[in-house]
Amino acid sequence: MSKFSYVQMALMVLFSFLLTLGLGLWLPEILSAFVKLFGLKEDLVTHSIVLMYLIFVVYLAMPALPRGSVKVNDKAILITGCDKGIGFALAKHLHTKGFTVFAGCLLKDKNGEGAQTLEKMKCERMKVLQMNVCTDEEVRQAVDFVKSQLKEPEKGLWGVVNNAGTSTFGEVEFTGVAHYKEIADVNLWGTVRVTKAFLPLIRRAKGRVVNVASMFGRMSMASHSADCISNYGIEAFSDCLRYEQQRWGVKVSIIELGNHIAATGILTRDHVESIADRMWNEAAEIVHEDYGKAYFDRQTMVMKSFCSSSSKDMSLIIDAITDALTSRYPYSRYEPMNAYWWVRLHIIAHLPAPITDWLYKH
């Protein structure tokens with residue numbers, strides 16, 4: 001796992017201090033009432049508080065335990081979405097680690113810059129292929145290509161990284177059904193399509209499936225319903241797949257990105273502007289009247305700010321995906337994000353909705 005930043009560690013300490021106050025002031029009263037209600041020994045109150053605090057400290061402060069690693073030699077990985085951003089950087093990184101990399105690029109047939117750069121490496125372990133994850137035919141062709149290039153196809157393919165994705169924004173009443181489908185077709189159905197196509201090869205290798213989702217797979221935000229729908233779907237699909245593939249020795253991991261829009265390059269300020277124009281033009285007249293252009297423009301500016309404040313550092317993401325592929329016992333979920341989004345994700349994921357609604361005023 002990647003190391004925490006100093007800001008994140010400071011927030012952890014603050015959170016620990018606040019938890020200490022809670023354990024000291026409120027929890028004893030709650031536990032005492034519970035003990036009296038069921039006629040249990042009062043010693044259980046003290047023991048329970050100590051145990052809960054110990055678990056919390058161990059969870060946050062204890063370094064990641066060594067989980068072993070697998071040999072990289074002769075292992076091959078397929079990565080989707082290698083035209084730019086995370087996929088492009090990951091393809092080069094895994095190549096340096098010794099993997100044979102099948103880099104799926106949407107724009108290879110159109111001489112895309114990312115595909116050309118990877119091809120210019122002229123290395124037998126870097127194989128670039130045309131791959132649109134929304135097209136059954138291209139995915140089938142990708143499977144055939146990978147099989148033809150593997151040295152020992154009967155031993156299978158070690159890993160698939162479903163990285164190809166897209167993003168958008170917009171409140172529900174401004175987002176057309178067609179737009180919802182466009183986002184889901186890439187993020188969700190693309191992940192399902194590619195995984196199903198390559199799963200027989202992955203099973204042979206007792207390998208890895210790594211699905212790149214985001215924090216919007218476990219927490220929701222206003223103006224992000226299309227992203228949330230597809231990412232929640234990826235989380236559910238990955239969990240079900242993990243349960244089913246345990247008997248085969250296949251490991252399934254989810255990479256929950258924070259605000260890394262700048263790193264991925266899938267949503268820029270100019271792109272936000274074009275999406276906003278499309279949404280406003282396609283919205284019904286009654287929606288125009290009720291919301292007003294001023295409100296709509298403010299929301300567009302908020303989204304532009306969201307893009308500007310995003311992290312360009314991909315190191316946490318690359319490290320997480322690499323660990324998911326090389327650790328003998330990979331995590332089911334990785335959370336490569338900064339301290340603010342990490343805390344917010346866990347607050348929303350674990351506290352009651354009335355509290356989180358009040359804290360973040362969705």
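## Two helix pairs

Helix H6 (residues 136–149) packs against helix H8 (residues 189–205) at an angle of about 25 degrees, and their axes lie 10 Å apart. Angles under 35 degrees count as roughly parallel, so H6 is roughly parallel to H8. The model is predicted.

H6 passes H8 in a right-handed crossing. On the H6 side, the contact is made by Asp 136, Val 139, Ala 142, Val 143, Val 146 and Lys 147. H8 supplies Arg 193, Val 194, Ala 197, Phe 198 and Leu 201. By class, the residues of this H6–H8 contact are eight nonpolar, no polar and three charged.

Next comes the pair H11 and H13. The axes of helix H11 (residues 269–282) and helix H13 (residues 293–308) come within 9 Å and cross at roughly 155 degrees. Angles over 145 degrees count as roughly antiparallel, so H11 is roughly antiparallel to H13. Their crossing is right-handed.

H11 brings Arg 269, Val 272, Glu 273, Ala 276, Met 279 and Trp 280 to the contact. These meet Lys 293, Phe 296, Thr 300, Met 301, Met 303, Lys 304, Ser 305, Cys 307 and Ser 308 in H13. The residues of the H11–H13 contact divide into eight nonpolar, three polar and four charged.

The table sets out the geometry.

| Helix pair | Angle | Axes |
|---|---|---|
| H6 and H8 | about 25 degrees | 10 Å apart |
| H11 and H13 | roughly 155 degrees | within 9 Å |

Methods: Residues are numbered from 1 along each chain as its sequence is written. This is a predicted model: local features need pLDDT of at least 70, side-chain atom pairs count only at pLDDT 80 or more; totals for chains, interfaces and linings use all residues. Side-chain values use heavy atoms; hydrogens and water are left out. Axes are lines fitted to C-alpha atoms, for helices over the stretch in contact, and angles run from 0 to 180 degrees between N-to-C directions. Helices (H or I, at least four residues) and strands (E, at least two) are DSSP runs, numbered from the N terminus. Angles under 35 degrees count as roughly parallel, over 145 as roughly antiparallel, 65 to 115 as roughly perpendicular and the rest as oblique. A crossing is left-handed if the near helix is turned anticlockwise from the far one by less than a right angle, and right-handed if clockwise. Contact means heavy atoms within 4.5 Å. Ala, Val, Leu, Ile, Met, Phe, Trp, Tyr, Cys and Pro count as nonpolar, Asp, Glu, Lys and Arg as charged, and the others, Gly among them, as polar.
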